[in-house]
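This report describes the fold of a protein chain and then turns to selected side-chain interactions.

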Amino acid sequence: MNIEEARKKMSMSRKDVSRKLGIPYRSLENWEKGLSKCPDYVERLVVAEILRGGKKMTDIEVLMKNGYSKRKAEEELKRGTVVFEGEDFERHFDDYMEEWGIDEEEQEKYKKMLDKKTALPDWGIVEDNGNTYYIMYCL
């Protein structure tokens with residue numbers, strides 16, 4: 001089974017796979033279209049991870065799970081609300097803190113949010129089928 005077959009079997013988009021595994025979208029697209037070839041061992045690992053992970057929720061589905069109608073969720077995303085997949089947010093935590101200019105003292109609040117799964121002001125947390133999503137609302 002190749003990456004595209006595994007992705008389609010699990011009803012995942014390229015964006016889903018890119019976000020879940022941290023693989024650049026363009027690389028996935030090029031591999032699937034035959035414009036470039038990833039090493040065989042990489043393909044086996046990616047396929048295994050896709051089949052293990054299942055389908056992730058879309059940003060709209062996450063917001064709807066947090067109480068929004070589909071229309072309101074779409075509006076929120078257009079306004080700048082961002083949904084982070086938990087594993088990605090936790091893995092790149094230091095990068096986000098640096099990018100946002102969050103000082104050490106404030107970072108402790110974010111770390112507590114991750115540890116206790118308790119949302120900060122202007123944030124939301126959705127848990128679904130073992131996946132956690134962090135919502136940074138744009139006010």
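## Fold and side-chain pairing

Among contacts in the protein chain between residues at least 6 apart in sequence, 53% join residues at least 24 apart. The model is a predicted one. Its chain contains 9 helices and 3 strands, arranged along the sequence as α-α-α-α-α-α-β-α-α-α-β-β. Along the principal axes, the C-alpha atoms occupy a box of roughly 45 × 35 × 25 Å. The protein chain has 139 residues, of which 38% count as buried. Its accessible surface is about 8,600 Å², and carbon and sulfur atoms contribute 48% of that area.

**Ser 18 in helix α2.** Ser 18 lies in helix α2, which spans residues 14-21. This residue counts as buried because its relative accessibility is 15%, and the cut-off for burial is under 20%. Leaving aside residues up to four places away in sequence, Ser 18 touches Ile 23, Pro 24, Tyr 25 and Leu 28.

**Charges and salt bridges.** The protein chain carries 26 positive and 30 negative charges, whose mean positions are 6 Å apart. Side chains of opposite charge can pair when their charged atoms come close. The count of salt bridges comes to 17.

| Acidic residue | Basic residue | N to O distance |
| Asp 59 | Arg 19 | 3.1 Å |
| Glu 29 | Lys 33 | 3.5 Å |
| Glu 75 | Arg 71 | 2.7 Å |

The side chains of Asp 59 and Arg 19 meet in a salt bridge. This pair links distant parts of the chain, with Asp 59 in helix α5 (residues 59-65) and Arg 19 in helix α2, 40 residues apart. Asp 59 is buried at a relative accessible area of 18%, whereas Arg 19 is partly exposed at 23%.

Glu 29 and Lys 33 both belong to helix α3 (residues 25-33); because they are 4 residues apart there, about one helical turn separates them. Glu 29 is buried, with a relative accessible area of 11%, while Lys 33 is exposed, at 53%.

In helix α6 (residues 70-79), Glu 75 and Arg 71 are likewise 4 residues apart, so about one helical turn lies between them. Glu 75 is partly exposed at 33% relative accessible area, and Arg 71 is exposed at 54%. Elsewhere, salt bridges with shared partners join Arg 7, Arg 14, Arg 26, Glu 29, Glu 32 and Lys 33 into one network.

Note on methods: Residues are numbered from 1 along each chain as its sequence is written. This is a predicted model: local features need pLDDT of at least 70, side-chain atom pairs count only at pLDDT 80 or more; totals for chains, interfaces and linings use all residues. Side-chain values use heavy atoms; hydrogens and water are left out. Helices (H or I, at least four residues) and strands (E, at least two) are DSSP runs, numbered from the N terminus. Buried means under 20% relative accessible area, exposed over 50%, partly exposed in between (1.4 Å probe, protein chains only). Contact means heavy atoms within 4.5 Å. Accessible areas come from the Shrake-Rupley method with a 1.4 Å probe; for residues, only the protein chains shown count as cover. Lys and Arg count as positive and Asp and Glu as negative; His and the chain ends are not counted. The place of a charge is taken as NZ of Lys, CZ of Arg, CG of Asp or CD of Glu. A salt bridge is a side-chain nitrogen of Lys or Arg within 4 Å of a carboxyl oxygen of Asp or Glu.
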